[in-house]
Structures are given as C-alpha cells and as structure tokens.
Amino acid sequence: RPNIAMYGANVIDLDALNDVLIQGFNELHNQKNMAVISAVCEQVGVSKTDIIDRLKLFKKPKYRCELIYSSSQLNIINDSKSTNIHSTLAALSSYGGNTLLILSGNMKEPLTDEIIKSFLLFVNTVYVAGNLSKNKEDLSEFIQNSVQFFPTLKDATMDALDQQSTGTILLSPGGDSFDEFKSYIHRGDCFSEYVNEYFSKD
C-alpha cells in the first residue's frame, strides 16, 4: 500500500520526502510531519527558507515528548500529552531499543494482546500504572506475564528509576489522566516532580 498524502489534486509520496530537522522536534514522527508541511508549502510557492523560518517558530504542546532529564547514560521523556494508543506508538517510533515504557490512566480502548505486542516491538519493558492496573485479573495471561503493574504512577516511576539506569524511560500513558490527576498537564507536572524527588535523594 503506497504511503501517500493528498493535497488538492496533488499526490505527495511520503516515503520520498526528506525528513525536516527542526530543533525541539527531533522525534521521527515530528520530522515526517515537518516534511509534509514543507512539501505542501513548496507546492504553493513558498520558498524553502521561509518554510524553515516559520517552522522554527512552532512550539510543541507541554509534555509532548518533552526531555526532562538527560545524562550520559539515561534520558527521561515526559509524554503525558499522550492520551491514546496512536500517540504512544508515534512516540515509541522515536524511542525504541533500551526503553522502559510507562502506561497509565484510562484507555479509550481495551488493552489487548495486539496492543502490548505492538509496544514490545519497540521497548524492552512495559509498566502499567493507575486505573489500568486495577483490573489486571481481567486481562489476558499474555498481558499479565508481559507487563508489570503498579497502583499509582508514582510507584511505577520510582521503580522505573531504580531499574532503568541506562537507555530511556518514556512516560507515554496512552490514556486519559483522570484516575489520579486533574489533567494531562497535572500528570506531567507530577511525573517531573517524581523524577526530581528521586534524583534529589542522591
């Protein structure tokens, strides 16, 4: 199936586009988004220089793939804005490999074997926190054996920090925040506070 986008009567071959690198938008899915924007603007006569200048003015929403901690061995990403499976998968496309994923909240769709398998294509470990963990006995045996469950996001975060000393810890919840928090911003704030609290003990 061709990977294309339509702009009016014009067809854009997404696979043929060169990724557009803008500081602060380093994730693979954001590079692809920028490439599509650039291609459409060029088709209506906007110069490459003007396109790049305008793209540099873009700002991501708070806690959308936000790097909140970085050392020579470990990066911690706060993607609390992720409130559905598709946004979590988009984030995972940029943070694969030695990555620990934290899910939390209330998912808009059931947590299935297929969803967990799709996550495990990108990461080594999946933590499930909050409401997602409360009815784990209703989940399949495969899921129960493939993920680790925690009653709260704080519990999951602290354990992740104990266990994952290298690679990436990615909070990309895949669900809404209302099990423990007022909003995704509140959840993101608290996650950042948990990380700060952990490292302030050293």
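Predicted model: local features only at pLDDT ≥ 70, side-chain atom pairs only at ≥ 80, totals over all residues.
Residues are numbered from 1 along each chain as its sequence is written, and side-chain values use heavy atoms, with hydrogens and water left out.

**View A. Packing of helices α7 and α8.** Helix α7 (residues 153-163) packs with helix α8 (residues 184-200) at an angle of about 40°, their axes being 10 Å apart. Helices (H or I, at least four residues) and strands (E, at least two) are DSSP runs, numbered from the N terminus. Axes are lines fitted to C-alpha atoms, for helices over the stretch in contact, and angles run from 0 to 180 degrees between N-to-C directions. The two helices are therefore oblique to each other (under 35 degrees is roughly parallel, over 145 roughly antiparallel, 65 to 115 roughly perpendicular, and the rest oblique). From α7, the contact (heavy atoms within 4.5 Å) involves L153, K154, T157, M158, L161 and D162; from α8, R187, F191, Y194, V195, E197, Y198 and F199 take part.

**View B. The aromatic pair of Y69 and F199.** Three aromatic pairs are found in the whole structure. Rings of Phe, Tyr and Trp (its six-membered ring) pair if their centres lie within 6.5 Å; planes under 30 degrees apart count as stacked, over 60 as edge-to-face and the rest as tilted. The ring centres of Y69 and F199 are 4.2 Å apart and the planes lie at 5°, so this pair is stacked. Y69 belongs to strand β3 (residues 66-70) and F199 to helix α8, 130 residues apart. Y69 is partly exposed at 24% relative accessibility, and F199 is partly exposed at 23% (buried means under 20% relative accessible area, exposed over 50%, partly exposed in between; 1.4 Å probe, protein chains only). Ring pairs join Y69, Y198 and F199 in a cluster.

**View C. The aromatic pair of Y127 and F150.** This pair is tilted, with 4.6 Å from centre to centre and 40° between the planes. Y127 lies in strand β6 (residues 125-129) and F150 in strand β7 (residues 148-150), so the pair ties together parts 23 residues apart in sequence. Both Y127 and F150 are buried.

**View D. The surroundings of T99.** T99 is part of strand β5 (residues 99-104) and is buried, with a relative accessible area of 1%. Apart from neighbours within four places in sequence, T99 contacts V123, N124, T125, Q164, T168 and L170.
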